[in-house]
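Here's a quick walk through one model, helix by helix. Have a look at the fold first, then read on.

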Amino acid sequence: MSGLDEMIQRINELYHKSQKEGLTEEEKEEQAKLRSAYVANVRRNLRGQLDNISIVEKDGTITNLGEKHGGRNGS
């Protein structure tokens, strides 16, 4: 199981516990940190995918969206 899978599993555990019996303050803090880390990971992955999209223009030129919009390819 990867770190991301474990993170998702723990987020889900905390969610279900919050619905059944509530969370302690420590668990609420852990849940917020895990959710924040998960969202940051999703954004990073999406940005990586978007940075690698190239569009073929009508005139045949290729525009790399990552380069056009300040992507971090090769950095």
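## What covers H1

Among what covers the buried residues of H1 is H2. Helices here are DSSP runs of H or I with at least four residues, numbered from the N terminus, and buried means under 20% relative accessible area, exposed over 50%, with a 1.4 Å probe and protein chains only.

This is a predicted model, where local features need pLDDT of at least 70, side-chain atom pairs count only at pLDDT 80 or more, and totals for chains, interfaces and linings use all residues. Residues are numbered from 1 along each chain as its sequence is written, and side-chain values use heavy atoms, leaving out hydrogens and water.

## The two sides of H1

So which residues of H1 are buried? They're Met-7, Ile-11 and Leu-14. They sit on the same side of H1 because they cover an arc of only 65 degrees around the axis, going by the directions from the helix axis to the C-beta atoms.

## Gln-31 on H2

Gln-31 belongs to H2 (residues 25-51). At 10% relative accessibility, Gln-31 counts as buried. Setting aside neighbours within four places in sequence, Gln-31 is in contact (heavy atoms within 4.5 Å) with Leu-14, Tyr-15 and Leu-23.

## Confidence

The chain averages a pLDDT (the predictor's confidence in each residue, from 0 to 100) of 89, and 91% of the residues score at least 70. Confidence is highest in H1 (residues 3-20), at a mean of 96, and lowest in H3 (residues 65-68), at 78.
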